[in-house]
Amino acid sequence: MKTLEFKTNINCGGCVSKVTPFLNKQEGVESWEVDTSNPDKILTIESDGATEEDVKTVLQKVGFKAEPVD
Amino acid sequence: METISIFETKEKNTKKGVKESFPVTGMTCASCAASVESVLKHTEGVFDANVNFANSSVLIEYDEGLNPNQLQNALREVGYDIIIDAGDPSEVQQELQQKHYQDIKSRTIWSAILTLPIFVLGMFYMQWEPGKWISLVLAFPILFWFGRSFFINAFKQAKHGKANMDTLVALSTGIAFIFSVFNTFFPEFWLSRGIEPHVYYEAATVIITFISLGKLLEEKAKSNTSSAIKKLMGLQPKTLKIIENGEEKEVPISSVQVGQTILVRPGEKIPVDGAVSKGSSYVDESMITGEPVPVQKSQGEKVFAGTVNQKGSFQFTAEKVGGETLLSQIIKMVQQAQGSKAPVQKLVDKIAGIFVPVVLSISIVTFIVWMSVGGDNAFSQALLTSVAVLVIACPCALGLATPTAIMVGIGKGAENNILIKDAESLELGHKVNAVILDKTGTITEGKPLVTDIFWKDKLENKNEYKEILLAIEAQSEHPLAEAVVNHLKEENIVQAEITSFESITGKGVKAQSENGSKYYVGNHKLMVERNIQIDATLIQTAESLEEKAKTVIFLGNENQVLAILAIADRIKETSKKAIATLQERGIEVFMLTGDNNKTASAVAHQVGITNYQGEVMPSDKAAFVEKLQTDGKIVAMVGDGINDSHALAQANVSIAMGKGSDIAMDVAKMTLITSDLQSIPKALELSKRTVLGIRQNLFWAFIYNIMGIPIAAGVLYPVNGFLLDPMIAGAAMAFSSVSVVANSLRLKRVKL
């Protein structure tokens, strides 16, 4: 199990509801959460095999940007 | 098959794209807009997509062979939608908004109609057996049909471990309902244990009705979506005349190229940015500079799209077209600034975020405590008390707390000439600690007026000269001539007859009266050039007037100067006092203007502003707002012109002057329908009072219910065997609602 963190532009509840079905479907994502009150809109993913690339790709499909946080 | 055909058409017409604008639904913030844009851009057959969040539309350039349904499907997959086959996107948008309002309205009315009998039964016929069943039937649609949005939203929040007002409503009404249904069907469960089974249908339904009513009030307070962008776009003419091979040709604006020569006739709008190549005229550039006086443009000087040519005609060479023009950039920046603002988190949601977990914990603790010390009936007592805690915790008046205060606040504003478009600015106003004022039209009257006339000593027949002056100025094309004409007409001066009239470009005019004597009206240079004598005192006066940033005009006959006139954009009488009031309250006041530094300094000095800046472009104003915001200031911007619109959209609180341009009023969230700046401190004070009112309301909404929680948990039980009584729940509900409404109405009597 690995924790991945991303800076995103998931800004509000509306955005969260848009990405929800996609992240839930994504294989290798155990659980995930977005802190929309953080100015960087940090997306935290408990990964069970999903890579940073996977997450970036799936978010891009929904039209959102994600930058891994080191 | 289908993929191939798309591929083929794409091959054939790589450049044949269709540009079409569609209304988008489902966007809630600027990120959604980015998301829609990105999804569309990655859809096959789409060349470009541009979302305008401010009016919820998207401009898509896509392949001819692509069916808009495919675009729609791509978006639907992600949870947005576009409306295809719509005529005017903004009209559809408005219809949707209207429908949204109607939905809330009918939902509220129906819940209220169904709630009334439940309330009467629950309050007055508690013991009547069929009452429970009637209430159950009526309550079901209220909760799960008219109130379904609360449950849906609460569920969405819960999935992310968050709670807001919807959670609180869904939780307490849901539990009250389920508990009541259980008690309706299985009263023996409690009766066998010696406990009276109460139902709480009225508590559940009254909450839904009240909160729906609150949402309705809030929705009503909001006005229609802003049409500012549409109006800005309308500033650009659709067609223009170019000169090609010496011939005049009318072409659509989209086809104009850099380097082409464009002809502008009197009264026409300038279509693109460029430099004058032939002829000269005065051009009204108020949309860029905010200055009402048209500026002279002669060869080599820059002209901008959207500005208005006055009486002359000229040709110019196009330098920037399409999205490059200054006007397009203003439009783009206004859109971005409007869309990029994060919504203000509501105080209620913040409180609910804390309140919900706390109440849940109390309920769990209650359950555990009863289980461990409850004795024989431990489980049923534990269940009863823990549920009772959740039922009583929900403040019915919560839904009324914010909207009633805001409704009264908006009404109070209107009484004081302050029109408030949305609740957000009313909630933010009290935090403002920096106010930026535009100069022209805000601090000043916004139009040039004659402020002084000084006559040569011992001059007779002044009226005769005035008549001649009026006749000359009435024929002049100079933008300031109008000020003189208006001034003299107010004095009831009658125009004299003049025989010849000659304009001396850049200096003034020359005219001859009926009896043959010549007169000159113009600047100092003209008088010197024609060897016209000026008294030493008049020269001194003129110099001191110029220092005050006034424009001085000389009237002379062939030998001597007869009078000097000072023209200036007069400062409003109340501006100084209003600015002083703001400063006394610890608010920093800034002045920004497109006018020159000398005038800026003179005006700022006269009204007591030390922080000012002249010669600022529209985007500089917005950048200045942004800079203050990054310094942690809450900024209010006050302006009247199109050149202020970007800064208005950027500011936390935006205030437009009622006499200003429509676009500024559309962008701004507040409009002062008086020219008196003293309304600004009033508006901020009103915000302070309203926010205070909201806070008091929330206190009243919660306090009675909070007091009920320990009783519901059973703290009195060991003392006198007292558990939560529906009477207590009902009283808490009634008291909090009455207190909230009464407190909101108190705002009406506040003196601003």
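Student: Is B:Ala649 buried or exposed in this model?
Tutor: Keep in mind that this is a predicted model. B:Ala649 sits in helix H25 of chain B, which covers residues 645-650. Its relative accessibility is 3%, and the cut-off for buried is under 20%. So B:Ala649 counts as buried.

Student: What separates the C-alpha atoms of B:Ala649 and B:Ala622?
Tutor: Along the chain, these two are 27 residues apart.

Student: How many residues of H7(B) are buried?
Tutor: Helix H7 of chain B runs over residues 165-185, and its 21 residues reach 30 Å from first C-alpha to last, close to the 30 Å expected. The rest of the structure largely encloses H7(B), because the buried residues number 16 of the 21.

Student: How do H5(B) and H7(B) run relative to each other, roughly parallel or roughly antiparallel?
Tutor: Helix H5 of chain B spans residues 129-146, and its axis comes within 11 Å of the H7(B) axis, crossing at roughly 150°. Angles over 145 degrees count as roughly antiparallel. H5(B) and H7(B) are therefore roughly antiparallel.

Student: Which residues of H5(B) meet H7(B), and what is the class make-up of that contact?
Tutor: From H5(B), the residues are B:Lys132, B:Trp133, B:Leu136, B:Ala139, B:Phe140, B:Leu143 and B:Phe144. Their partners in H7(B) include B:Phe177, B:Val181 and B:Phe185. Sorted by class, the contact of H5(B) with H7(B) has 9 nonpolar, 4 polar and 1 charged residues.

Student: What is the handedness of the crossing of H15(B) and H27(B)?
Tutor: Helix H15 (residues 398-415) and helix H27 (residues 679-713), both of chain B, have axes that come within 8 Å and cross at roughly 155°. That makes H15(B) and H27(B) roughly antiparallel, therefore, to each other. Among the residues in contact are B:Ala405 and B:Gly409 in H15(B), along with B:Gly693 and B:Ile694 in H27(B). As for handedness, the crossing of H15(B) and H27(B) is right-handed.

Student: Where is B:Ala549, and what is its phi?
Tutor: Look in the loop between helix H21 (536-547) and strand E20 (551-557) of chain B. B:Ala549 is buried there, at a relative accessible area of 19%. Its phi is positive even though the residue isn't glycine, with a value near 65°.

Student: Which accessibility class does B:Glu615 fall into?
Tutor: B:Glu615 lies in the loop between strand E23 (611-613) and helix H24 (618-630) of chain B. This non-glycine residue has a positive phi of about 55°. With a relative accessibility of 48%, B:Glu615 counts as partly exposed.

Key: Residues numbered from 1 in each chain as written. Chains lettered and ligands numbered in written order. Predicted model: local features only at pLDDT ≥ 70, side-chain atom pairs only at ≥ 80, totals over all residues. Heavy atoms only, no water. Axes fitted to C-alpha atoms, helices over the stretch in contact; angles between N-to-C directions. Helix = DSSP H or I, 4+ residues; strand = E, 2+ residues; numbered from the N terminus. Parallel < 35°, antiparallel > 145°, perpendicular 65-115°, else oblique. Left-handed = near helix turned anticlockwise from the far one by under 90°. Contact = heavy atoms within 4.5 Å. Expected span 1.5 Å × (residues − 1). Buried < 20%, exposed > 50% of the residue type's maximum accessible area, 1.4 Å probe, protein only. Nonpolar A, V, L, I, M, F, W, Y, C, P; charged D, E, K, R; others polar.
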